[in-house]
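Student: I've got a model open and I'd like to talk it through before I do anything with it. Can we go over it piece by piece?

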Amino acid sequence: MDSLPESLTSIEDFLENAAFRTWVRERRPEDQLYWQQWLVLYPEKRDLYEQAVVTLLAIQATEQPVSDAQVRAKVMQLFNDPARPFTPERPIFSWHYGRWAVAAALLCLLFIWQLGQPTIHFFRQSRVPQEQLTDRGGWKIVKNISGQPMVVLLPDNSSVLLSTGSQLRFRKQMNQAFREVFLQGEGFFEVAKNPSRPFVVYTASLTARVVGTSFQVRAFTAEPSAQVRVKTGKVTVSSTQTPADTILLTVNEQLNLGPESQKLIKSKPSPTPADSSALISQPLTFNYAAVSGIFDQLESSYHMPIDYDRTLLSQCTFTGDLSDMPFLEKIRLICLTIDSSFELVDNQIIISSKGCKPM
């Protein structure tokens, strides 16, 4: 099971998938991470996944082996002929109590199967509202195949510098109790402050939760370990294996998740990998610095073109700390200081200004 299936779009697809049937029947530890990653990648299919689990558990009510042909036949019986409830050859439930009894029995089956399943407990203990994971039309996926980091602007004004080869999934409207994103790969997050709506980053191996701060998460599927490194603020991190155990990281602290023990271990910040964002270690504090130079630095760091009249801004300076704010907030604060304005057009920043008078 090297790659995650993309074509599971119905109950029948799940039940015809040999890997899924093996996971539900045998619950092998080596399959656990595989389906955990699948749920992280496709959160909108969680309801479908759970319905497939219930259906397969019902089919397995018989003690006799179930062939592929029998699986298909039972699925058709269950979903295409609702007037005739499916009855296993050796029932473990009393089906004649009606549809409510059937539904209750299936839910009990699912509950029993879920006991001891870290995948299910991870999402439940993270207190993610169920409806947030089942909205099929409300998600946006950004994949970075550009060969260089790219800035992703989120609906809540937060920003993510997404490393090449990485993927980010987020809601088109972040007006729920949790601001959730799902990361595969690496991203440097600068989160807009909002104490009433925590910001949560999910990966296949760990979860990071903040209110407003800047930090980097690295969790590539091909790499044996995962990492969280904090630049500003505080970040709470938990492993998907043990979601109840959390570690708090503060400024300049780093956490590693080992491949074998799956334990979270604090460590000193390690050298930034060559393919990572340099923003994690880049100072953004300025004292009467030329605005043109700051714009050039931001353009280079975020790989976002910034168009401005260099002659008009030649006398403009800025003093302040831009470290603990998202990308657009940085631009907005600079423009406010020099009495200018900006707009985002075709993935580039356009600065409008009358210039600055020399002091």
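Student: Let's start at a loop: between which two strands is F178 found?
Tutor: Keep in mind that this is a predicted model. F178 is found in a loop, with residues 167-171 forming the strand on one side and residues 179-190 the strand on the other. Those strands are β4 and β5.

Student: Is F178 buried or exposed?
Tutor: Its relative accessible area is 10%. The cut-off for buried is under 20%, so F178 counts as buried.

Student: How far is the C-alpha atom of F178 from that of F199?
Tutor: Along the chain, F178 and F199 are 21 residues apart.

Student: How is α2 oriented relative to α4?
Tutor: The axes of α2 (residues 18-26) and α4 come within 10 Å and cross at roughly 65°. That angle makes the pair roughly perpendicular. On the α2 side the contact involves F20, R21, W23, V24 and R25, and on the α4 side Y49, A52, V53, L56 and L57. As for handedness, the crossing is right-handed.

Student: And how are α8 and α9 arranged relative to each other?
Tutor: Their axes are 12 Å apart and the packing angle is about 170°. The contact is made by V291, I294, F295, L298 and Y302 of α8 with F327, K330, I331 and I334 of α9. So the two helices are roughly antiparallel.

Student: What distance separates the end C-alpha atoms of α8?
Tutor: Helix α8 runs over residues 291-302, which makes 12 residues. At 1.5 Å a residue the span should be 16 Å. The model agrees, with the end C-alpha atoms 16 Å apart.

Student: Which residue just after α8 takes a positive phi?
Tutor: Within the helix, the buried residues are V291, S292, I294, F295, L298, S301 and Y302. Just after α8 comes a phi of about 55°, and the residue with it is H303.

Student: Zooming out, what percentage of the residues in the protein chain is buried?
Tutor: The chain has nine helices and 18 strands. Of contacts between residues at least 6 apart in sequence, 56% join residues at least 24 apart. Across its 359 residues, the buried share is 50%.

Student: Last one: where is confidence lowest?
Tutor: The chain averages a pLDDT of 76, with 72% of the residues scoring at least 70. The highest confidence is in strand β15 (residues 306-307), at 95. Low pLDDT means the predicted coordinates should not be read in detail. The lowest confidence, at a mean of 36, is in helix α7 (residues 118-125).

Definitions and conventions
Residues are numbered from 1 along each chain as its sequence is written. This is a predicted model: local features need pLDDT of at least 70, side-chain atom pairs count only at pLDDT 80 or more; totals for chains, interfaces and linings use all residues. Side-chain values use heavy atoms; hydrogens and water are left out. pLDDT is the predictor's confidence in each residue, from 0 to 100. Helices (H or I, at least four residues) and strands (E, at least two) are DSSP runs, numbered from the N terminus. The expected span of a helix is 1.5 Å times one less than its number of residues. Buried means under 20% relative accessible area, exposed over 50%, partly exposed in between (1.4 Å probe, protein chains only). Axes are lines fitted to C-alpha atoms, for helices over the stretch in contact, and angles run from 0 to 180 degrees between N-to-C directions. Angles under 35 degrees count as roughly parallel, over 145 as roughly antiparallel, 65 to 115 as roughly perpendicular and the rest as oblique. A crossing is left-handed if the near helix is turned anticlockwise from the far one by less than a right angle, and right-handed if clockwise. Contact means heavy atoms within 4.5 Å.
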